[in-house]
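Hi,

Here is the structure I promised to pass on. Have a look at it first, then read on for what turned up.

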Amino acid sequence: MESSLEFSGSFGSASSLLTRCRTFKVLVIGDSGVGKTCLTHRLCAGHFPARVEATIGVDFRERALDVDGERIKLQLWDTAGQERFRKSMVQHYYRNVHAVLFVYDVSRPASFSALAAWMEECRQNSVGQEIPRFLIGNKADLCDPRLSDRQNNYEVEEVSFPDN
Ligand SMILES: Nc1nc2c(ncn2[C@@H]2O[C@H](COP(=O)(O)OP(=O)(O)OP(=O)(O)O)[C@@H](O)[C@H]2O)c(=O)[nH]1
């Protein structure tokens, strides 16, 4: 997979070293209120934000990871779930994306049903089959673990993702 390359200078020694760091753009989409901001904040800052407001447009968060000995950077694009805050920016979200996280709220079946529309938006913005997609059922704390998926009001078989 093609990633963007960033070079950060290290000036600790006489011969400054250039450290190569591959950056991967990860788009986070889903209905408003499913918890995209909290999720990405938790992933990047290590804790849930004290308070959140609806995202307007997009917020960027970064997380460095070591994968097979290589330092890489995940650039998470936390996009607005509300249509009125997305508007004409949508096509920019999808440009050169490396992976897509689809988020729904396990306590809100409508946010699960809405995934079909989010997948359609991906398709309309030419996200190819080779781009990995991940499904995240958020707010698991609101789910009763003693109940089945059906009793918890969501049915995973309603949405099918490509195999990759
Ligand atoms: N119980 C519970 N509440 C959560 C969780 N994650 C987020 N929330 C709450 O859900 C609400 C919405 O969270 P956000 O992260 O702003 O949701 P969002 O998907 O980014 O919303 P938009 O920016 O409008 O697209 C907030 O009140 C959060 O405190 C979770 O894991 N469990």
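What volume does the largest pocket have? About 340 Å³. Keep in mind that this is a predicted model, so treat the numbers below as computed from that prediction.

Now, what takes up the space of that pocket? The ligand does: the space it takes is the largest pocket.

The lining of the largest pocket is made up of 21 residues. Nearest the pocket's centre you'll find Gly33, Val34, Gly35, Lys36 and Cys38. If you sort the lining by class, you get nine polar, seven nonpolar and five charged residues. Helix 1 and strand 4 (70-79) each put in at least two residues, and helix 1 gives the most, with three.

Next, the ligand itself. Around the ligand there are 17 residues, and the closest are Ser32, Lys36, Thr55, Gly81 and Asp141. This shell holds seven polar, six nonpolar and four charged residues. Helix 1, which covers residues 36-45, is again the top contributor, giving three residues to the shell.

- Ser32: an N or O atom in its side chain is 2.6 Å from an oxygen atom of the ligand.
- Thr55: here the backbone is involved, with an N or O atom 2.7 Å from a ligand oxygen.
- Asp141: a polar atom of its side chain lies 2.8 Å from a nitrogen atom of the ligand.

And how much of the ligand does the protein bury? Taken alone, the ligand exposes 660 Å², and the protein buries 76% of that.

Cheers

Terms used. Residues are numbered from 1 along each chain as its sequence is written. This is a predicted model: local features need pLDDT of at least 70, side-chain atom pairs count only at pLDDT 80 or more; totals for chains, interfaces and linings use all residues. Side-chain values use heavy atoms; hydrogens and water are left out. A residue is near a molecule or strand if one of its heavy atoms lies within 4 Å of it. A polar contact is a pair of N or O atoms within 3.5 Å; within protein, one must be able to donate a hydrogen and the other to accept it, and residues adjacent in sequence count only if both atoms are side-chain atoms. Accessible areas come from the Shrake-Rupley method with a 1.4 Å probe; for residues, only the protein chains shown count as cover. On a 1 Å grid over the protein atoms alone, a cavity is a set of points where a 1.4 Å probe fits but cannot get out, and a pocket is an open set with protein on both sides within 12 Å along at least five of seven lines; lining residues have an atom within 4 Å of a point. A molecule sits in a cavity or pocket if more than half of its atoms lie within 2 Å of its grid points. Helices (H or I, at least four residues) and strands (E, at least two) are DSSP runs, numbered from the N terminus. Ala, Val, Leu, Ile, Met, Phe, Trp, Tyr, Cys and Pro count as nonpolar, Asp, Glu, Lys and Arg as charged, and the others, Gly among them, as polar. Grid points are joined across faces, edges and corners, and a volume is the space filled by probe spheres set on the points.
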